[in-house]
Structure formats: C-alpha cells, structure tokens
Amino acid sequence: MGIYAMDFALKFNHSIFSTPYPPKPSPKCRFLTARCSLPLSSDGAATGLAERPWKVADARLVLEDGSIWRAKSFGASGTRVGEVVFNTSLTGYQEILTDPSYAGQFVLMTNPHIGNTGVNFDDDESRQCFLAGLVIRCLSIKTSNWRCVETLGDYLAERNVMGIYDVDTRAITRRLRQDGSLIGVLSTEQSRSDDELLEMSRSWDIVGIDLISGVTCNAPYEWVDETKSEWDFNSDGRDRDTYRVIAYDFGIKHNILRRLASYGCKITVVPSTWPAAETLKLKPDGVLFSNGPGDPSAVPYAVETVKEILGKVPVFGICMGHQLLGQALGGKTFKMKFGHHGGNHPVRNLRNGRVEISAQNHNYAVDPASLPEGVEVTHVNLNDGSCAGLAYPALSIMSLQYHPEASPGPHDSDCAFREFIELMESTKQAA
Ligand SMILES: NC(=O)CC[C@H](N)C(=O)O
C-alpha cells in the first residue's frame, strides 16, 4: 500500500481517531508517523498481507483492446480469461465474490480500499466462488472486524481464485464506461508473452455460453434457514401461512432463499434442468426463477421450462429469472454497454412512484418494446431508463432485474418478497 492509500485509510477512519476532517496541516506528520509505526512484523506477518518492500508487479491484466495493466498478485496464481466488469458497491465484497452470477467475469471494485474487514463464516452467498478473478486498487494490509476469521488473500488462495491489486482501477473503469465491457486475461505466468495473452482475450467470448450449467445444484434439496434474528430488519413474514415454493437454481444466492423462508415459504431448490412437469406435480403455491450468470439467450432449455410453468402457478423472476421470463413471454434480451453492478442503483417503482436504492448485477436487459401487450413494465432503472421490473397480472407473473434480497443491502426492495406472497395468496383464494 502506498502513502496515498494510507492517507486515504486514515482520512476515511478519521472519526475513529477523533481527528477533525479535513485535517489541519499538522496531522500530515501524524500520517507519516502512523505509517512508519505500523506493526508490519506482528500484524503484517499474521495476516500475510503486509506489503513487503520486495513485492513487485508480478501479474498482467491484458484487455482485448490491447492495453496491458501491470499489477501485484494475491490469492491464486495462473492464467484466467473472463469479461471485466466494474462494481460500485462500497461494502459486501465477500457476497460479491460468492455471487454465482459473476461466473466468467473479473470483478473490478471501484471502492479503492478492499480487504479491510477480512472474510467471515456467514456472508458467503453460495457454495463457492465462481468468478474469474478480483481486481482492486489497494489491498488492506490489516483486517479489522469482529466477525473476521480469515484475510481476503488467504480466502481467495484456498479457493483458487486470482486477485490483483495496485492497478489503476479508475482508469480501467473509465475505459469500460467509454468502450463497453471488455474481455481480459489475467496472468501471473511470466513465460506467457503479452501477444499470447492478447490473442487469448480476443479468441474468447462470454456471449452465447451456457454458464448456468456450471453453477446450478446437482439435485433437488430443501432449504430451511431464515434470516438470523440479529440481522432481520423486517417482521412482515411472521404469523403468515406457509407457502410451498419451488426455486429454480440458475445460480441462486442464499439470501433469496433466506428471505423467502423468513416470509414463511417452504422451499425446494431444484437444478436448472429440472423438468417443468416434475415441478407442477409437486403442486407448489409459487415458483421462483433465480439469478444466474451469463447470456440468457444461451439457455433455451431454461426458457422452455419457464414457458411450461407460466399461467399454471404464480412466478417470481429475479435478474436472470426476469430475463428468462421476458424471453418466455415472447420478448427479447440484449447485451448492455457495461451493465449495472453495484449496491447503489436508483430504480423507480412505477406502480407507487417510490424510488428504491437497489443492488444490481447484470449485463443483459429485457427490451420492453419487444414484449406482448398486457405485460406491464413495473420498474425503471433511473440511471439509464432500462427496464427493471415486469408484471403480467393475467398470468400471475412478477419479476425484477435487480436484487430485492440484496445482501448486505440496501433493503429498500425487500417488499418484493411480500408481493410474491400476496400473489400466491390471492391465487390460492381465487382457486
Ligand atoms: N445477476 C444475474 O442474474 C445476472 C443475469 C445475467 N447473467 C446478466 O448478466 O444480465
């Protein structure tokens, strides 16, 4: 970590140190004093993350546009190819690392300081990290959190995930915003030439690949865990009837399941290829189509399953599930320039006019103009006007392009789960 980063860390933590902000001239000396007195040998050695004087740039990120970004590696070593996307979340890197929707992608965090809260036992959103790698500006040399059990670097190394730091994430983000998503190759292998890595990046594409088959579960299972009481922020689900929900796992995040359970659902999670007929045989009150990685046009089998279920039971689609619903209704999806990835995207709920701050992670979107009459656009992304939610009341369909379960938050859209419960309730009563 450079002096700039340490200055940032100290300014950022000014309230902890009770120093005024902006600091008066004298604290400048205190920054340097603090930096020199960092206990590198004790804490540094314990975390394994101390920047040693001899750590030099040992990794390259080669983008398909021909740019080469030298960086320092942490986590696993090797060579990986993937699509580079930037995420603007300030918190939640553990949840992001374990969101299966990032399969095939390098996640670049725009927050310049990552790793400071380490990794804990509770925050994984799936059984493993499926992403291609992590790209960050500064790797925290210390961890500080009451739940921390491990450093970010150790966590990634154990899971064979590559990370790089000391790279100009701001410059790469500006390039992605200007030119759109880019494929990149990350490598620590000095034996590979720049040209070889560039060729690799240019001969791979995320479009048209079924990434869901690599992340879905192998067999159906029951899910019972609710949001833990110390974390629950909404008691809406208490004292309700129970609803039997089948959740299609296209890369499902655990917090979707926890929120459904907290709202009183009895959930069976099924693999992405689970036949619609088997689902209907179980006579569920509702079906959830989950989030998931990659191109929704590359999984026609999933669209067929959705089609067979529509109109027979209330359904809720989240992110990939929303895109598959859009296609099943006859609409089209398209790839966005650089997508939406972050925990701070404003969305307008057109039914009640309310603005929700939402967590988002998608590169594709449904084209509302391609949808048949009767399908209602219920939510709009306020950053670019793209479709953020759909409903088709005649067939008891609702869907969101973003994440109502957002973990670690924001929680503005949690009410979508209550709406799904109400959809199942009203359908039950009408039967
Ligand atoms: N989070 C998701 O479900 C992502 C959906 C899809 N993979 C996309 O990038 O648009």
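The paragraphs below go through the domains, a sheet, a helix and the ligand surroundings of this predicted model. Because the model is predicted, local features need pLDDT of at least 70 and side-chain atom pairs count only at pLDDT 80 or more, whereas totals for chains, interfaces and linings use all residues. Residue numbers start from 1 along each chain, as its sequence is written.

The protein chain is assigned domain 1 (3–26 + 53–202) and domain 2 (212–430), with bounds that come from an automatic or database domain assignment. The centres of domain 1 and domain 2, taken over C-alpha atoms, are separated by 29 Å. Their contact takes 22 residues from domain 1 and 23 residues from domain 2, where two residues are in contact if their C-beta atoms, placed from the backbone, lie within 7 Å. On the side of domain 1 that touches domain 2, β3 (79–87) and α7 (169–179) each supply at least two residues, and the largest share, 3 residues, comes from β3. Helices (H or I, at least four residues) and strands (E, at least two) are DSSP runs numbered from the N terminus.

Turning to the sheet, 10 strands are arranged as an open sheet with mixed pairing, in the order β10-β12-β11-β13-β14-β19-β18-β17-β15-β16; two strands pair if DSSP finds at least two bridges between them. β10 and β16 stand at the edges with a single partner strand each, so one side of each has no neighbour in the sheet. Within it, β11 and β12 run parallel and are joined by 7 bridges, and Tyr243 has Cys265 in β12 as its bridge partner.

Helix α9 (residues 254–262) is largely enclosed by the rest of the structure, because 8 of its 9 residues are buried, meaning that 20 or more other C-beta atoms, placed from the backbone, lie within 10 Å of the residue's own. Among these buried residues are His254, Arg258 and Arg259. Their cover includes the strands β10 (221–223), β11 (243–249), β12 (265–271), β13 (286–289) and β14 (315–318), together with α13 (415–430). After α9 comes Gly264, whose phi is positive, near 95 degrees.

The ligand, finally, is surrounded by residues including Ser101, Asn291, Cys319 and His362, each counted if its C-beta atom, placed from the backbone, lies within 6 Å of the molecule.

Notes: A residue is buried if 20 or more other C-beta atoms lie within 10 Å of its own, exposed if 12 or fewer, and partly exposed in between; C-beta atoms are placed from the backbone.
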